[in-house]
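Hi,

Here is the structure I said I'd pass on.

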Amino acid sequence: MNAGKADRKLNVAVVGAGMGGLAAAACLRQAGIEVAVYEQAKQFTRLGAGIQIGCNAMHVLRALGLEPRLRAETFYPRSWNNRDWKSGEVLFDMLFGRPAEEKYGAPYLLAHRGDLHAALASAVPDELVHLDHQLTGIEPTADGAVRLAFANGHTVEADTAIGADGVNSMVKQALFGDDEPNFLDRIAYRTVFPARLLDGFDIGDCTKWWGEDRHIVMYPVKSDRSEVYFVTSQPEPGFRLESWSAEGDVNVVRAAFEGFHPTVRRVLEACPSVHKRPLVDREPLARWVEGNVALLGDACHPMTPYMAQGAAMAIEDAAILSRCLEGVDAGGVAAALQRYQATRLERTAKMQITSRQNIWGKGVTDADWVYGYNAWTAPLHA
């Protein structure tokens, strides 16, 4: 270790400014650690998408001071209602609202993804987020630090680097090589649109309509119900473009759900446009850490959206990572990252496998192990 390293703040480079990267930066700063975030995009965009903020994620966001803002901007649902695609029969009503808040100690909120991202961005000073930085290389230095190189010619060094750069992570590829995503031959179509297009029609709070080989989830994303969101999962082999900016054909979605309950058809008729993306996941990784570099969020545990826990897992990762690195000097980083990995592996792997099964909420479901987790108080691995 260099002279002077022990008496200065730990310095962390976070690659990726999505939900996980910004949450990691915010949590690390709160732990007294110096952070810089490097994001390949030239600007942030508010793509049309909803997101469910589970009670488990809200524990972390509360500690970052974001709860008042999120409560004001998001929708507070009574329940996640699971219904038969045709008859509308209730299969399971997963209660949220006040009962869940009292049980799990934090609210369950439905949001626009862009609003959650903006809230997380507000917790990280602008000068710490470096846009237009596409990672091209990452390697250890002779003195135990990490050097990162970017397509714009910049290089930086840090005591540790965190790869929060998504399902196609460059950091993961540099550490562990390429692996193939598991394409499920299914497509998710999704969009957010103004509720006025529904002419006062009530879509409910949060409903998943279960078909035999497809489903659709819909809910408001604003406290005043002014915007509504839906996302589907339906068979459509062959489409492999992993981008949420790909335009879909709304008529294809309408045709795919033609026989569904009138509520579903009403929403699809009102919807002006959709985006599409193939659904993929990966097998749980055995390792997320190499030396002073670690992965976080979708970079190490991408999952299907069927439990609405992908972003929540990244946000939990961020809190656990900050707890493991707090008070550690540069010489202790590698051991702290191993502790972070050991603390998180089992829970995230269970979430990946459970989500892939796509039975969450279809019948009586034990939600306590998901929503009852608090990353600030959960035991760290020995």
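**Around serine 79**

Setting aside neighbours within four places in sequence, serine 79 is in contact with Asp93, Met94, Leu95, Phe96, Asp205 and Cys206 (contact means heavy atoms within 4.5 Å). Before you go further: this is a predicted model, with pLDDT of at least 70 needed for local features and 80 or more for side-chain atom pairs, while totals for chains, interfaces and linings use all residues. Residues are numbered from 1 along each chain as its sequence is written, and side-chain values use heavy atoms, leaving out hydrogens and water.

Serine 79 sits in strand β4 (residues 79-84); strands are DSSP runs of E with at least two residues, helices are runs of H or I with at least four, and both are numbered from the N terminus. With 3% relative accessibility, serine 79 counts as buried (under 20% relative accessible area, 1.4 Å probe, protein chains only). Its side chain makes polar contacts with the side chains of aspartate 93 at 2.7 Å and arginine 78 at 3.0 Å. A polar contact here is a pair of N or O atoms within 3.5 Å, one able to donate a hydrogen and the other to accept it, and residues adjacent in sequence count only if both atoms are side-chain atoms.

**Two helices**

Then there's helix α2 (residues 55-63), whose axis comes within 9 Å of that of helix α9 (residues 310-325). Asn56, Ala57, Val60 and Leu61 in α2 meet Ala312, Met313, Ile315, Glu316 and Ala319 in α9.

Cheers

Terms used. Axes are lines fitted to C-alpha atoms, for helices over the stretch in contact, and angles run from 0 to 180 degrees between N-to-C directions. Buried means under 20% relative accessible area, exposed over 50%, partly exposed in between (1.4 Å probe, protein chains only).
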